[in-house]
Amino acid sequence: MKIGLDVGSTTLKCVVLDEKEKIVYQEYERHFSRITEKASEMLCRIAGRFPQEPHMQIAVSGSAGMGLAESLGLPFVQEVYATRIAVNRLLPGTDVVIELGGEDAKILFLQGGLEVRMNGSCAGGTGAFIDQMATLLNITPDQMNELAKDYEKIYTIASRCGVFAKSDIQPLLNQGARKNDVSASIFAAVVNQTIAGLAQGREVKGDVLFLGGPLFFFKGLQKRFQETLKLDDAHAHFPALAPYAIAAGAAEYAGGTQKTYTVDSLLAALEKAAD
């Protein structure tokens, strides 16, 4: 088995590949900052599902993965590199990758040489921003996604900072704005932050691959990206593997490390790291 762990700022993802590079297992969950505990539980579930495979190759990636990899002595693959590996599996010839995570966002321009644009320390325009705005509306992110499908008007909402966004949204709510319209406007704000803040004038065109949990789970966000970038269905790609792409890239990377581990040794290392 080849296992890839993607430890993001808010979620933990894993992908398991068999000897033919086929995905045989995948999992996605929020870790609530209990990374070692959740990673241990995830490995236990994998071991239970594949009891006939005592040995494994494994690699870790993700914005919060380096610490885990170092504490366990595991190979670490930088997430941009893991993303490139995953792109070759999903859509060879991709022109642009847009990826949104819990607290990070990036655009990869792949044609004419690799160019990477990433957000800084602010989580504006990411999954955490969407969660924060849903809380302000007193609804769940899933409810916000449903409401956004039936919008009539898009309001201008700041997305660079949650504080500024709240100062735009609260007056709208006080004035009786429909939550459907506000929800769609929040997704539009995320799109504007991504395009204006990261693309910075470089045109996003061709085959665009959208990755990350927010861009998979929120159809309203997908729609706003397509409309803003004027992408038809033939050029906007939202793969089922989107939430697991970095983990899938890490799993393929693990296959080339020539290092093997047992489940028991990894669990023992995780328990030691937790202490």
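Modeller: Two strands pair if DSSP finds at least two bridges between them. The model discussed here is a predicted one.

Colleague: With that in hand, in which sense do strand E5 and E8 pair, and over how many bridges?

Modeller: Strand E5, residues 96–100, and E8 pair in the parallel sense, over 4 bridges.

Colleague: Which residue in E8 is the bridge partner of Val-97?

Modeller: The bridge partner of Val-97 is Leu-209.

Colleague: What is the strand order of the open sheet?

Modeller: The order is E7-E6-E5-E8-E9, an open sheet of 5 strands with mixed pairing. Strand E7 (115–118) and strand E9 (236–237) stand at the edges, and each has a single partner strand, so one side of each is left without a neighbour in the sheet.

Colleague: Which strands does H9 touch as it packs on the sheet?

Modeller: H9 touches E5, E8 and E9, and its direction makes about 145° with that of E5.

Colleague: Turning to the aromatic residues, how many aromatic pairs are there?

Modeller: The count comes to 8 aromatic pairs. In one of them, the rings of Tyr-28 and Phe-217 have their centres 5.3 Å apart and their planes at 65°. Planes over 60 degrees apart count as edge-to-face, so this pair is edge-to-face.

Colleague: Where do Tyr-28 and Phe-217 lie?

Modeller: Tyr-28 lies in strand E3 (residues 23–30) and Phe-217 in helix H8 (residues 213–217), so the pair ties together parts that are 189 residues apart in sequence. Tyr-28 counts as partly exposed, at 26% relative accessibility, and Phe-217 is also partly exposed, with a relative accessible area of 37%.

Colleague: What about Phe-210 and Phe-225: how is that aromatic pair arranged?

Modeller: Phe-210 and Phe-225 form a tilted pair, 5.4 Å centre to centre with 55° between the planes. Phe-210 belongs to strand E8 (residues 208–211) and Phe-225 to helix H9 (residues 219–229), so this pair ties together parts 15 residues apart in sequence.

Colleague: Are Phe-210 and Phe-225 buried or exposed?

Modeller: Phe-210 and Phe-225 are both buried.

Colleague: Which residues do ring pairs link into a cluster?

Modeller: The cluster comprises Tyr-28, Phe-216, Phe-217 and Tyr-244. Over the face of Phe-216 lies Lys-219, at 5.1 Å from the ring centre.

Colleague: A last topic: which residues in helix H4 are buried?

Modeller: In H4 (residues 127–136), Gly-127, Phe-129, Ile-130, Met-133 and Ala-134 are buried. These residues cover an arc of only 155° around the axis, which puts them on the same side of H4.

Colleague: And which residue with positive phi follows H4?

Modeller: H4 is followed by Asn-138, whose phi is near 60°.

Notes
Residues numbered from 1 in each chain as written. Predicted model: local features only at pLDDT ≥ 70, side-chain atom pairs only at ≥ 80, totals over all residues. Heavy atoms only, no water. Phe/Tyr/Trp six-rings, centres within 6.5 Å; stacked < 30°, edge-to-face > 60°. Helix = DSSP H or I, 4+ residues; strand = E, 2+ residues; numbered from the N terminus. Buried < 20%, exposed > 50% of the residue type's maximum accessible area, 1.4 Å probe, protein only. Lys NZ or Arg CZ within 6 Å of the ring centre and 35° of its normal. Contact = heavy atoms within 4.5 Å. Axes fitted to C-alpha atoms, helices over the stretch in contact; angles between N-to-C directions. Arc of directions from axis to C-beta.
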